[in-house]
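Colleague: Please take me closely through the sheet in this predicted model. I would also like to hear about any cavity in the structure.

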Amino acid sequence: MSSLSAIFFDLDGTLVDSSIGIHNGFTYTFEQLGVPSPDAKTIRGFMGPPLETSFASCLPEDQIESAIQLYRSYYKEKGVYEAQLFPQIKELLTELAKQYPLYITTTKNTPTAVDMTSHFGIDRFFDGIYGSSPQALHKADVIRQALTTHDLAPENVVIVGDTKFDMIGAQETGIKKLAVTWGFGDEKELMTYQPDWVAHQPTDILRQLQ
């Protein structure tokens, strides 16, 4: 697609199946805090929004910062190694990187996102890796940071993502939306955000964006 100037990728649930490490990180955190852990379905709903949002839904305010630190400590030491790339991702990135600048925009914090992409050997495909920070908490904030840093026109950028948070972030920043159905999001829910494209496997992305 000649009008496309860059592609933004979500990380968890889009490029990387990190569900086991994320689940274990949350259960470890609740165990360390001495509070009951939510059920597996609830924890799966934590895969997408910022940690601050997830913990605020089930913990008192004075425990949120401790929870975030416990989670990140576990994830840095163990969780990142409990993940795996989805099939065909390296092939997809290899082909797309020949034609477009690629960036990661994730609500994972930036150091963890950098560590994870390096661990899987895909960091070389990206011109920038942008994660959440106190200044850029939500997906739209992260997207705006990448757009501004690289002077990109929103209408010429697409985000590839698996959850409603990616779709909402795209709507709030004016970029295009490509929803993938193999990740953490619910396909029916994704469709309510009227994505510009839908991919059921990585090869669909190549066909739609080339």
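Modeller: Start with the pairing of β4 and β5. Strand β4, residues 102-109, runs parallel to β5, and four bridges join the two.

Now widen the view. The open sheet has six strands, ordered β5-β4-β1-β6-β7-β8, and their pairing is parallel. The edges are held by β5 (128-132) and β8 (197-199). Each has a single partner strand, so one side of each has no neighbour in the sheet. From one strand to the next, the twist averages 25 degrees.

A helix packs on this sheet: α8, residues 164-173. Helix α8 touches β6 (157-161) and β7 (176-180). The directions of α8 and β7 make an angle of about 175 degrees.

Next, the cavity. Searching the whole structure turns up one cavity of 30 Å³ or more. The volume of this largest cavity is about 260 Å³. Its lining counts 23 residues. Nearest the centre lie D12, I22, P49, T107 and K108.

Here β4 comes back into the picture. Strand β4 gives the largest share of the lining, four residues. Helix α8 returns too: α1 (19-33), α4 (61-77), β4 and α8 each supply at least two lining residues. By type, the lining has ten nonpolar, six polar and seven charged residues.

Technical notes
Residues are numbered from 1 along each chain as its sequence is written. This is a predicted model: local features need pLDDT of at least 70, side-chain atom pairs count only at pLDDT 80 or more; totals for chains, interfaces and linings use all residues. Side-chain values use heavy atoms; hydrogens and water are left out. Two strands pair if DSSP finds at least two bridges between them. Axes are lines fitted to C-alpha atoms, for helices over the stretch in contact, and angles run from 0 to 180 degrees between N-to-C directions. Contact means heavy atoms within 4.5 Å. On a 1 Å grid over the protein atoms alone, a cavity is a set of points where a 1.4 Å probe fits but cannot get out, and a pocket is an open set with protein on both sides within 12 Å along at least five of seven lines; lining residues have an atom within 4 Å of a point. Grid points are joined across faces, edges and corners, and a volume is the space filled by probe spheres set on the points. Ala, Val, Leu, Ile, Met, Phe, Trp, Tyr, Cys and Pro count as nonpolar, Asp, Glu, Lys and Arg as charged, and the others, Gly among them, as polar.
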